[in-house]
Amino acid sequence: MTGVTAATAPLSIFAGDADAASGDGTPEQVHLTWGEDPATSVVVSWVSPEPAVQPSLRLKAAASAPRTVAALQRAYTDGMNGQTVYSYHARVDGLEPGTEYHYAVTAANDHHRHEPLTASFRTAPRGRAAFRFTSFGDLSTPNAHWILSSPQSRHAVLAVERFAPLFHLLNGDLCYANLNPTAQPAVWADFGRNVQASASLRPWMPCPGNHEVEFHNGPQGYAAYLARYCLPDNGTAYPGLWYRFRIGSALFISLSADDVIYQDCGPMIGGPEPLSPAPGTGHAPIPPGTSIYNRGYSDGAQTRWLEQTLEQAAKDETIDWIIVQMHQDALSSARDGNGSDKGIREAWLPLFDRYGVDLVLCGHDHDYERSWPVRGCHHGVGRDAATGAAVDTLQPTPVVTSLPADGRFDTSRGTVHLILGGGGTSSPLDRYGADPETGRPLAKVITRRNPPVPDGAAGTWSRAGADAVEDAIWSARRDTDTGYGIGVFDLDPGVPGGFTSITLRYYHAVGADREPTSNYELFETVEFAKRRR
Ligand SMILES: [Fe+2]
Ligand SMILES: [Fe+2]
């Protein structure tokens, strides 16, 4: 927890005595997210073991008087084991841009209220400024007791601190609680304690992945995720599931791809036994073969919001860069992973083309893959995986297939997709498809739903993999050394009339497939550049 307690001297929050308060309202799992405007607003969030009494944030910058902000509670009761989780969110507005703030979080029944948990953060700069962000998805927890957790997730969090970004993008599949359905709150707690080492010092901006979907936790299964994260409002009936924020000349758009993908990849009961929620929950056993399939859950609201957001961005000449975050992949040639999803290609890639999205950052396949800049698609060139019959996979078209002479990719000509799924799970997927005859990259493509089906063994169910394949003519670079790494992005705003650039340095953790390691080494440096608006 270095940095969390060392950031500043303890701030005294409650001068009076709060001994009357009962229960354990001690803050833990502290994490930051941006508010509506990252230059002036931040949300500080935490969880406590029992309901907090007078939960609050005390905040101070060097040049200003301290302020106290009351935190709001978001509680939910896990629909599988009946445990109630108490989370708190202190929303702070009116901050100074590019300024460091020290803070403490506490409550009247904080067992450490005389020396509460303290940390510090920095607000985003105002205007066209340089800044750094980092990204990966698919983190899990360091507690190897949980399915898909691995000690590498600890190293991944510390890697973010090593590169000290302004903020981090966490591309879905946060902790895989839904693979541990009788202990979901405990998995989330291990995740929250692990990420605190970085997320209490700089915002971590998440998007939901298929492993945030949980049985009996809200209409689409996101109750645990939405209780823990207080994210910029999108003005729709689905707050927190998609959002945007603006820093300098970059617009960041975070999406919930579960809404448009074909793949059936939410939680599933494999059988032969049903999954029985704890008796106190009042929920009946969930029969084998049940899955949660969220395709179409917003009935188009998310795509309409995305188009409006992109339309506005097109009119705003102070926006040079549009960076999209989502969990699942439109362009992935992982051999053993999920592959590419036609649902994203249908719903969103035409919008990315029309409005010039520069970068798309994903996870889902636990590897690193970078595409060439792509625009538009070839029709009818995919093949059915079983029969070889022609299938329209909407194969994305690369606009270049070699490094341009100046060494920089012009993303105003095409969108670059990056898979950064190497956070820290126990399941690296750094093997990639190849055509057995030509040796060229081959991608699996999911073009229709793969619902659970009886798999032949007594009473068990499973889901098929991708139904189609295509030549991955869009695949530029794949990391075959390891399934773990972190993307470090440095934005240079450039000067009026000149170029602006984003430099990606991808660092990978070689050997982590066998043994957890803190050693992240540079794999490749890629520069994206375009004329400044
Ligand atoms: Fe994952
Ligand atoms: Fe996933």
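Me: How many cavities of 30 Å³ or more does the structure hold?
Reply: There are two of them in this predicted model, a cavity being a set of points on a 1 Å grid over the protein atoms alone where a 1.4 Å probe fits but cannot get out. Since the model is predicted, local features need pLDDT of at least 70 and side-chain atom pairs count only at pLDDT 80 or more, while totals for chains, interfaces and linings use all residues. Residues are numbered from 1 along each chain as its sequence is written, chains are lettered from A and ligands numbered from 1 in the order in which they are written, and side-chain values use heavy atoms, with hydrogens and water left out.

Me: Which residues line the largest cavity?
Reply: Its lining (residues with an atom within 4 Å of a point) consists of N210, V213, D258, I261, Q263, C265, G266, I292, Y293, N294 and R295. The space in the largest cavity comes to about 70 Å³, taken as what is filled by probe spheres set on the points, which are joined across faces, edges and corners.

Me: And what lines the second largest cavity?
Reply: Around the second largest cavity, with about 40 Å³ of space, lie Q29, H31, W188, F191, G192, V195, R228 and Y229. β1 (28-34) and α2 are the elements that give two or more residues to this lining, and α2 supplies the largest share, with four residues. Helices (H or I, at least four residues) and strands (E, at least two) are DSSP runs, numbered from the N terminus.

Me: OK, switching to the metal. What holds the iron ion (ligand 1)?
Reply: Its protein donors, at 2.1 to 2.3 Å, are D138 and D173 through OD, Y176 through OH and H366 through NE2. Donors are N, O and S atoms within 2.8 Å of the metal (3.2 Å for Na, K and Ca), and sites may look incomplete because water is not among the atoms. Along the chain the spacing of these donors reads D-x34-D-x2-Y-x189-H.

Me: Where do D173 and H366 sit in the chain?
Reply: They are 193 residues apart, D173 being in the loop between β10 (167-170) and α2 (184-199), and H366 in the loop between β16 (359-362) and β17 (368-371).

Me: Are those two buried or exposed?
Reply: D173 is buried because its relative accessible area is 2%, and H366, at 5%, counts as buried too. Buried means under 20% relative accessible area, exposed over 50% and partly exposed in between, with a 1.4 Å probe and protein chains only.

Me: Which residue coordinates both iron ions?
Reply: D173 coordinates ligand 1 as well as ligand 2, the two iron ions being 3.5 Å apart.

Me: Now charges: how many salt bridges are there?
Reply: The structure holds 22, each a side-chain nitrogen of Lys or Arg within 4 Å of a carboxyl oxygen of Asp or Glu.

Me: What does D264 pair with?
Reply: D264 forms a salt bridge with R463, and their closest N and O atoms are 2.9 Å apart. D264 is buried, at 2% relative accessible area, whereas R463 counts as partly exposed at 27%.

Me: Which residues are linked in a network of salt bridges?
Reply: That network links E28, D190 and R193.

Note on methods. On a 1 Å grid over the protein atoms alone, a cavity is a set of points where a 1.4 Å probe fits but cannot get out, and a pocket is an open set with protein on both sides within 12 Å along at least five of seven lines; lining residues have an atom within 4 Å of a point.
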